[in-house]
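Thank you for making time for this today.

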Amino acid sequence: MDKKDEFISYLEGLKEDRGKLAALRRGLGMPPGTCAEMYPVVAVRLPRDCPRHLEERYYLIASLFGLHPASADHGNIGDHMRQAEGGMISDAAERRFVRLLATHWDDLPNELRQVISFLKSKDAKINWHQLNADLKNWGHPDHFVQRKWANAFWGYMPEEKS
């Protein structure tokens, strides 16, 4: 991921603003774009004439960022989940991850909130720029985002030497 998204860079600039992060968190568990407390923080950075589906993605990513604003410079959610597991993937993490990969866009806010909460509990950082780019393509018929995440999560791991 070479290009930095202006909206994500804006969010990263809010890391120390506890009030704005709290406003973003209030959107968790609500349909994206329906939490009035988020409007002053998010609407000021939306593109003019922003289509509804794009607006929903901005509100979703902003609420998740409010939950866990720790940023990484590389990787995707598959990488972050694998790192959080310390290389030894538990059955619970695998089930959570498979459920996420199979999720339809309409159910994605809830599944992502659970995954971000898990990553927060493990002090794992998130590449918000990559997550935002991946969400743009979540519903693609080729499922290339889900495959990239799966490859990062289950991909080659060198065997431990005895």
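This is a predicted model: local features need pLDDT of at least 70, side-chain atom pairs count only at pLDDT 80 or more; totals for chains, interfaces and linings use all residues.

Please look at Glu111 and Arg99, which form a salt bridge in which the closest N and O atoms are 3.0 Å apart.

Are the two partners buried or exposed? Glu111 counts as buried because its relative accessibility is 11%, and the cut-off for buried is under 20%. Arg99, at 39% relative accessibility, counts as partly exposed.

How many salt bridges does the structure hold? There are three, and the next one I want to show joins Asp134 to Lys148, with the closest N and O atoms 3.3 Å apart. Here too the pair links distant parts of the chain, because Asp134 lies in helix 8, residues 128–136, and Lys148 lies in helix 9, residues 144–154, the two being 14 residues apart. Asp134 has a relative accessibility of 2%, so this residue counts as buried, whereas Lys148, at 35%, counts as partly exposed.

The remaining salt bridge is between the side chains of Glu56 and Arg52, at 3.3 Å from N to O. In this case both residues lie in helix 4, four residues apart, and that spacing is about one turn of the helix.

Let us stay with helix 4, which covers residues 52–67, and move along to Ser63, which has its place there. Ser63 is buried, with a relative accessible area of 5%. What does the side chain of this serine have beside it? One of its polar atoms lies 2.8 Å from the backbone oxygen of Leu60. If we leave aside residues up to four places away in sequence, Ser63 touches Leu24, Arg25, Gly27, Leu28 and Met38.

Leu24 brings us to helix 2, residues 18–25, where the buried residues are Leu21, Ala22, Ala23 and Leu24. Which helices do these buried residues pack against? They pack against helix 1, residues 6–12, against helix 3, residues 39–42, and against helix 4.

Now let me step back to the chain as a whole. Of the 162 residues, 46% count as buried.

What does the radius of gyration tell us about the chain? With 162 residues, a compact globule would have a value near 15 Å, and the chain has 16 Å, which agrees. Taken along the principal axes, the C-alpha atoms fill a box of roughly 55 × 35 × 30 Å.

Two further values complete the overview. Among the contacts with a separation of 6 or more, 71% are between residues 24 or more positions apart. The accessible surface comes to about 9,100 Å², and 48% of that surface belongs to carbon and sulfur atoms.

How values were computed: Residues are numbered from 1 along each chain as its sequence is written. Side-chain values use heavy atoms; hydrogens and water are left out. Buried means under 20% relative accessible area, exposed over 50%, partly exposed in between (1.4 Å probe, protein chains only). A polar contact is a pair of N or O atoms within 3.5 Å; within protein, one must be able to donate a hydrogen and the other to accept it, and residues adjacent in sequence count only if both atoms are side-chain atoms. Contact means heavy atoms within 4.5 Å. A salt bridge is a side-chain nitrogen of Lys or Arg within 4 Å of a carboxyl oxygen of Asp or Glu. The radius of gyration is taken over C-alpha atoms; the globule rule is 2.2 Å times the number of residues to the power 0.38. Accessible areas come from the Shrake-Rupley method with a 1.4 Å probe; for residues, only the protein chains shown count as cover.
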